[in-house]
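Let's take a friendly walk through this model, one region at a time. Please have the viewer open and follow along.

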Amino acid sequence: AYEIKECDWSSDVCSSDLLEIRELEANNIRAALAASRGKIYGIDGAAEKLGMKPTTLASRIKALGIRQ
């Protein structure tokens, strides 16, 4: 079972949790890009592998500062 905790987002604990989630997200995106040889859109693209819209993936790549 999952435990839901209240967070004071100014605390170090919640901030570090958020950073860890962002790192996991970035690593998943990098792995999908590597598996699709850098292709974002279309069949066998990273967006398809991640189950998200290509425009959303492009936005996440930009927000996370991922370089190809």
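R22 counts as partly exposed, because its relative accessibility of 36% falls between the limits of 20% for buried and 50% for exposed. Keep in mind as you look that this is a predicted model. Which residue does the side chain of R22 meet in a salt bridge? The partner is E25, with a distance of 3.2 Å from N to O. Both residues belong to helix 1, where they sit 3 residues apart, about one turn of the helix. E25 is partly exposed too, with a relative accessibility of 22%.

E25 also forms a salt bridge with R60, and here the closest N and O atoms are 2.8 Å apart. Since E25 lies in helix 1 and R60 in helix 3, this pair ties together parts that are 35 residues apart in sequence.

Now turn to the nonpolar residues. In soluble globular proteins, nonpolar side chains tend to be buried together. The largest nonpolar core here has 10 residues: A26, I29, A32, L33, I40, A46, A47, L57, I61 and I66. Helix 1 (12-35), helix 2 (46-50) and helix 3 (54-64) each supply at least two residues of this core. The largest share, 4 residues, comes from helix 1.

Leaving out residues up to four places away in sequence, A46 touches A32, L33, S36, K39, I40 and L57.

Where is S36 placed? You will find S36 in the loop between helix 1 and helix 2. Is S36 buried or exposed? S36 is buried, because its relative accessible area is 5%, and buried means under 20%. The side chain of S36 reaches the backbone oxygen of K39 at 2.9 Å. Setting aside neighbours within four places in sequence, S36 is in contact with D44, G45, A46 and K49.

To finish, go back to helix 1 and pick out N27. N27 is partly exposed, with a relative accessible area of 44%.

Conventions:
Residues numbered from 1 in each chain as written. Predicted model: local features only at pLDDT ≥ 70, side-chain atom pairs only at ≥ 80, totals over all residues. Heavy atoms only, no water. Core = buried A, V, L, I, M, F, W, Y, C linked by side-chain atoms within 4.5 Å. Buried < 20%, exposed > 50% of the residue type's maximum accessible area, 1.4 Å probe, protein only. Contact = heavy atoms within 4.5 Å. Polar contact = N/O pair within 3.5 Å; in protein donor to acceptor, adjacent residues only side chain to side chain. Salt bridge = Lys/Arg side-chain N within 4 Å of Asp/Glu carboxyl O.
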